[in-house]
Amino acid sequence: MHFESHVGHLGGNLSALDILLCLHHDVLGPSDAFVLSKGHSVGALYVALWSVGRLSDEDLRTFHRDGTRLAGHPPPEGIPDIPFATGSLGHGPALAAGLALARKLRGQEGRAYCLTSDGEWDEGSCWETVIFARQRQLANLTLIVDLNGLQGFGTTKEVADLDPLASRFATFGWSVREVSGHSPEELAMALKAPCDQPLVVLARTVKGRGVSFMENRMEWHYLPMSEAQYRQALAEVERS
Ligand SMILES: [Mg+2]
């Protein structure tokens, strides 16, 4: 999809893909909602939705094309599984908290889930949501952090070091679970275990996961692939 459309953002899509597949195959139910805060990884979300029959082969072929429903960031309408337009980083957690609060006030079943990048925790709006969710006791809210250690301008340590992130969330009264973001078993266990507080799952991932020349390389936050790179990437993914 990305090669045919000549677009980048492959690194963050590949770090998020296992998380999105786990959510859609094993976690999300009909009463739940999901917000993709790191909207630049929407390609991986479309693939996850396709894999559970919510999008078609034909839909995927329109990715990033003029007039498509499958825009390069989550669109504001046209796909029932996508509740909000996102991609301006730092806003997904607050949107998910609103969905969780609405369910709580109405006495409805279901949880709100949100996948963020690690870089977007530089944004103050994310931490406002952490405070708000604790204050409102949103035990039906789960945030997942795609902890790949890289963001658009360098490593997260170089740009704004928030290590250890787990203790920062714990200080605000959140439940914290740390897992491999590439282990479906660990992810499912962390995401499905009951919780009586707002929950954050810190998912350790590899940016560009599965493609040797992309793994842990910041430039693959942005770059589109050449044809030769595409052939190599495809061969590596098919071998694994
Ligand atoms: Mg990152």
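Which residue forms a salt bridge with Asp-26? The partner is Lys-192, and the closest N and O atoms of the two residues are 3.2 Å apart. The model described here is predicted.

Asp-26 is partly exposed, because its relative accessibility is 37%. Lys-192 is also partly exposed, with a relative accessible area of 48%.

Why can such residues pair? Side chains of opposite charge can do so when their charged atoms come close.

A search of the whole structure finds nine salt bridges. One of them joins Lys-38 and Asp-146, with 2.7 Å between the closest N and O atoms. Lys-38 lies in the loop between β1 (33-36) and α3 (42-51), while Asp-146 lies in strand β3 (residues 141-147), so this pair ties together parts that are 108 residues apart in sequence. Are these two residues buried or exposed? Lys-38 has a relative accessibility of 1% and therefore counts as buried. Asp-146 has 0% and counts as buried too. The cut-off for a buried residue is under 20% relative accessible area.

Ser-117 is part of strand β2 (residues 112-117). With 9% relative accessibility, Ser-117 counts as buried. A polar atom of the Ser-117 side chain lies 3.5 Å from the backbone nitrogen of Gly-119.

## The magnesium ion

Which protein atoms are donors to the magnesium ion? They are Asp-118 (OD), Asn-148 (OD1) and Leu-150 (O), and they lie 2.1 to 2.2 Å from the ion. Along the chain, the donors follow the spacing D-x29-N-x1-L. Asp-118 sits in the loop between β2 and α6 (124-135) and Leu-150 sits in strand β4; the two are 32 residues apart, and the pair links distant parts of the chain. Asp-118 and Leu-150 are both buried.

## A salt bridge within one helix

Arg-61 and Glu-58 also form a salt bridge through their side chains, with an N to O distance of 3.4 Å. Where do these two residues lie relative to each other? They are three residues apart in helix α4 (residues 57-61), which means that about one helical turn separates them.

Arg-61 is exposed, because its relative accessibility is 57%. Glu-58, at 47%, counts as partly exposed. The cut-off that puts Arg-61 in the exposed class is over 50% relative accessible area.

## A salt-bridge network and a nonpolar patch

Salt bridges can also be linked into a network, as they are for Lys-157, Asp-161 and Asp-163.

The surface has a nonpolar patch as well, formed by Phe-153, Val-159 and Tyr-222. Together these residues have about 360 Å² of accessible area. Phe-153 is located in the loop between β4 (150-151) and β5 (154-155). Is Phe-153 buried or exposed? Its relative accessible area is 75%, so Phe-153 is exposed.

Key:
Residues are numbered from 1 along each chain as its sequence is written. This is a predicted model: local features need pLDDT of at least 70, side-chain atom pairs count only at pLDDT 80 or more; totals for chains, interfaces and linings use all residues. Side-chain values use heavy atoms; hydrogens and water are left out. Helices (H or I, at least four residues) and strands (E, at least two) are DSSP runs, numbered from the N terminus. Buried means under 20% relative accessible area, exposed over 50%, partly exposed in between (1.4 Å probe, protein chains only). A polar contact is a pair of N or O atoms within 3.5 Å; within protein, one must be able to donate a hydrogen and the other to accept it, and residues adjacent in sequence count only if both atoms are side-chain atoms. Patches are made of residues with over 30% relative accessible area and no salt bridge: like charges are joined within 9 Å, nonpolar side chains (Val, Leu, Ile, Met, Phe, Trp, Tyr) within 5 Å. Accessible areas come from the Shrake-Rupley method with a 1.4 Å probe; for residues, only the protein chains shown count as cover. A salt bridge is a side-chain nitrogen of Lys or Arg within 4 Å of a carboxyl oxygen of Asp or Glu. Donors are N, O and S atoms within 2.8 Å of the metal (3.2 Å for Na, K and Ca); water is not among the atoms, so sites may look incomplete.
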